[in-house]
Amino acid sequence: MAAKPVAQRAKRLVVLVSGSGTNLQALIDGIAAAGVEAYGAEIVAVGADRDGIEGLARAERAGLPVFVRRVRDHGTREEWDAALAEAVARHEPDLVVSAGFMKIVGKEFLARFGGRFVNTHPALLPSFPGAHGVRDALAYGARVTGCTVHFVDDGVDTGPIIAQGVVEVRDEDYEDEGAALHERIKEVERKLLVDVVGRLARNGYRIEGRKVVIQ
Ligand code: GRF
């Protein structure tokens with residue numbers, strides 16, 4: 001007789017934000033629409049590196065616990081990094097998602113969460129890493145750009161790629177310094193992030209060098 005499949009525990013997600021939090025909102029809505037069990041994961045807390053942002057307001061409206069660790073409240077960058085890692089660890093996450101979190105984490109954070117820390121970036125890596133991925137792609141004259149969901153390593157947007165989405169650049173994108181282009185990228189990015197996080201949570205994965213295999 002075939003063994004009954006064992007129901008898997010929903011994975012615990014901590015999401016980190018620095019801004020408007022529309023990627024966070026997509027996760028909140030995607031999980032609510034599917035149901036935690038079917039999606040395979042739930043958000044257990046939202047963290048930020050600054051106060052007063054819409055991303056935190058979105059978390060609060062959804063009834064999620066929030067925490068803030070600001071660099072300037074710590075003596076050194078290393079102390080901030082350790083404090084952030086501790087705050088995240090308290091929620092015992094299976095995966096940590098950087099959804100528009102505009103800080104580079106340090107050694108301590110990566111020692112604790114490396115291999116389960118996912119970031120979304122608004123360009124097709126390895127092109128245009130860093131804080132201005134949209135602007136840099138336009139300035140270079142790229143005709144296509146997009147977004148990349150990847151694991152975080154100790155470089156800037158250099159970790160193993162999980163999935164990418166492509167967005168065409170239009171001539172009129174030069175008129176507003178990429179604001180409309182970034183919005184079109186974010187539409188693709190939000191769907192990709194919700195899809196990828198759910199698949200990682202439900203199926204499990206392994207990282208083989210630069211290749212991510214979702215089982
Ligand atoms: C996203 O495009 C993300 O890739 C970038 O900043 C944006 C965050 O948007 N780093 P939001 O805060 O999720 O609306």
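Start by selecting helix α7, residues 179-203. At 1.5 Å a residue, its 25 residues should span 36 Å, and the end C-alpha atoms are 35 Å apart, which agrees. Helices here are DSSP runs of H or I, at least four residues, numbered from the N terminus. The expected span is 1.5 Å times one less than the number of residues.

This is a predicted model: local features need pLDDT of at least 70, side-chain atom pairs count only at pLDDT 80 or more, and totals for chains, interfaces and linings use all residues. Residues are numbered from 1 along each chain as its sequence is written, and side-chain values use heavy atoms, without hydrogens or water.

Next, select G204. It sits just after α7 and takes a positive phi of about 80 degrees.

Go back into α7 and pick E189. E189 is buried (under 20% relative accessible area, 1.4 Å probe, protein chains only; exposed is over 50%, partly exposed in between). It has no salt bridge (a side-chain nitrogen of Lys or Arg within 4 Å of a carboxyl oxygen of Asp or Glu). The nearest side chain of opposite charge, K186, is 6.3 Å away. Show the contacts (heavy atoms within 4.5 Å). Leaving out residues up to four places away in sequence, E189 touches N23, T120, H121, P122 and C147.

Now move to R112, in helix α5, residues 107-113. R112 counts as partly exposed because its relative accessibility is 31%.

Conventions: Helices (H or I, at least four residues) and strands (E, at least two) are DSSP runs, numbered from the N terminus. Lys and Arg count as positive and Asp and Glu as negative; His and the chain ends are not counted.
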